Amino acid sequence: MRVTLRVAVCSLVASAVGVWAQAPTTTSDDFVRTHYAKYEYRIPMRDGAKMFAAVYVPKAGAFKDAGPYPFLMTKTPYSCGPYGVDKFPARVGPSQELMESGYIFVCEDARGRYASEGVFQEMNPHIDEKKSNKDVDESSDMYDTVEFLLKNVPNNNGKVGITGISYPGFYTSASIIDSHPAIKAASPQAPMTDLFFNDDGYHGGAFMLGANYGFYRGFKPQKNPVIPVGGPGGFGRAPSSTENPDTYATLLAAGPTGNLDRGKEYLNGENWLFHDQLTHTTYDDYWDKRDLSRHMKNVHAATMEVGGWFDAEDLSGPFKTFHAIDKFNPGAVNTIVIGPWTHGGWSRTDGDRLGDVTFNAKTSLFYREKIEYPFFEYYLKGVGVDAKGNNGAPLPKAYVFETGTNVWKTYDAWPPKTAVTKTLYFHAGGGLSFEAPTEKAGVDEYVSDPAHPVPFVGYPTDTVPQRYMDDDQRFAATRPDVLVYESEPLTEDVTIAGPVRPKLKIASTGTDSDFVVKLIDVYPYDYPNPPGTDAGNKRIVSAAPVVMGGYQQLVRGEPMRAKFRDSWEKPAPLTPGKMVSLNGEMPDINHTFRAGHRIMVQVQSSWFPLVDRNPQTFVDIPLAKPEQFVKATESVYRSADAASGVEVLVLPQP
């Protein structure tokens, strides 16, 4: 039987349904056709390869502003279709506001994808020292593209902006290294940045199984140039009615992850892109040269990194890019914007809720109108500049939404300078507090069975639903293989802003194990239920209306693979029964636990099929044999001499 999945694509395909995905709008679908003329170019690169670009130029008299116009460009591996100068997409540009303002919009197929020539490489590594015209990367390709556009597209004002979400976000970041002087503004949004560290590939050394397998079933190597009929296409297929749509059951039945790569009923060894992701299980040269953050030098454009607190794929990318640009480009105009969004949600949703959790405002609309639109208008058109050339509305260093209180906050640094380091310690009886334990001895144990892994959501699903990022964890708290630590009801608000760092003392009867740590906001039992139902609650089976009293909202959760406790390059086995330190770092949060709520931490050793199963035997996991998947007794210590907890940055209350 051929086992297939309906999949929720991971970050790499945020734009697969259209490079410029938009929120619902009242503008008719012929707006682009009536306001823009379309041109197609094959732009020569220095090594002789030609990149395909679709260019949309404002028609004479279509806008009050007659130009000249700046370029606003996106580069993508997901196709710039529809192809043909007489075929138009429903939308161009990153937002309705920018489309209606008038720009020269450019979409370029990435090297080796669709209509562009050359060889595609996953996250094409940057070359710091280019010794000849054969040394090409995304920076040089963008430089050559900009040179061509400036010389060949009339009525341009000599300024270029670049933006993109997810994989196009990577191309945005890569394009501004050693940037062309005409590039004045760039917004890497959810940019893939460092695939091995809390990005698409691996989190805490654990492979992000569900999203990656789902994605690479559709994202395949191409023989270029190729122009598909009718647009991008090619992203997976719908299963037949006889196939099990439950990813938990389907991927568990697949056995060791290597079967997904090699098995005839799965990928059959035909997708080297998936193979590379799966089999580079340690931090080797493959990952090292794809860490874009270490190359973010000579950035001359004003930059605005954008991300979402509930981005299931590329939450770490905006922060790493933001900090790298600050590090290598002192004094550069550089802002980070983070809202309560899923992957790319700021561009195509209202941003007023995720699953059962509401944010009391249309945050995406606010972002598009009040943050993104003024950013590009100012740096590319000079809108907002007074008679003396002063910026009328500069962005703060950090513009972030605070979940829990549901308000926007601005800071002159991120993390905020006033944040104080504290640790939430584990205590006997499932207690949790900022007070260090005083017990002379203390340990909690559970049995982890890879044949019955802890699911990452409490309902059957045919996807990796983005809503898991703030979903209710009550289903997990009742399992015997999940430890639960919970504070007393808070007497005042507690705001945590910045990275979350688990620091555990653990032991195992296995020679390797995972430890998943989840930081959770527990609602008081008298919390009111929201009116109406959640139309975005994608579930295979119907669910009863949620009871919000006692809701355990996931705020942040990440796995830690114990064999990487001392080195990402050289993993080492656990000695059964021997206590070791296991420390990790989760992506940042900005969340207020309200007075009356409780803070909870859950610890478990599987999170399936979000991440791959650890056999709990020290082995290269894609090569593991079924008999190497064994039960293990996991120990978490909580004594004065062996304390476990979660280190956080706490803001003083006003």
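**Questions on a predicted model**

Me: Between which two elements does the loop that holds P82 lie?
Reply: This is a predicted model, in which local features need pLDDT of at least 70 and side-chain atom pairs count only at pLDDT 80 or more, while totals for chains, interfaces and linings use all residues. Residues are numbered from 1 along each chain as its sequence is written, and side-chain values use heavy atoms, with hydrogens and water left out. Helices (H or I, at least four residues) and strands (E, at least two) are DSSP runs, numbered from the N terminus. A cis peptide bond with omega of about 10° joins G81 and P82, and the loop holding P82 runs between β3 and α2 (96-101).

Me: What is the omega of the peptide bond from W414 to P415?
Reply: P415 sits in the loop between β14 and β15 (420-427). The bond that leads from W414 into P415 is cis, with an omega near 0°.

Me: How many strands does the chain have?
Reply: Of the 654 residues in the chain, 60% are buried, a word that here stands for under 20% relative accessible area, with exposed meaning over 50% and partly exposed in between (1.4 Å probe, protein chains only). Besides its 13 helices, the chain has strands numbering 26.

Me: Which strands stand at the edges of the open sheet?
Reply: The sheet has 10 strands with mixed pairing, in the order β1-β2-β4-β3-β5-β6-β9-β10-β13-β14, where two strands pair if DSSP finds at least two bridges between them. Neighbouring strands are turned against each other by 20° on average, direction ignored. A strand at the edge has a single partner, so one of its sides is left without a neighbour in the sheet, and this holds for β1 (36-44) and β14 (407-411).

Me: Which residue of β6 does I162 stand opposite?
Reply: β5 (residues 156-165) and β6 are paired in the parallel sense, and six bridges link them. Opposite I162 stands the β6 residue A186.

Me: At about what angle does α4 run to β5?
Reply: Axes are lines fitted to C-alpha atoms, for helices over the stretch in contact (heavy atoms within 4.5 Å), and angles run from 0 to 180 degrees between N-to-C directions. Helix α3 (residues 138-152) lies across strands that include β1, β5 and β6, and it runs at about 130° to β1. Helix α4, in turn, lies across β3, β5 and β6, and its angle to β5 is about 135°.

Me: How far apart are the end C-alpha atoms of helix α10?
Reply: The buried residues of α10, among them F319, F322 and I325, pack against α4 (167-175), β6 (183-189), β9 (302-308), β10 (334-339) and β23 (586-593). The expected span of a helix is 1.5 Å times one less than its number of residues. For the 13 residues of α10 (316-328) this gives 18 Å, which agrees with the distance between the end C-alpha atoms, 18 Å.

Me: Is N360 buried or exposed?
Reply: D178, in the loop between α4 and β6, has a positive phi of about 50° although it is not a glycine, and with a relative accessible area of 32% D178 is partly exposed. N360, in the loop between β12 (357-358) and α12 (363-381), also is no glycine and has a positive phi, near 65°. Because its relative accessibility is 64%, N360 counts as exposed.
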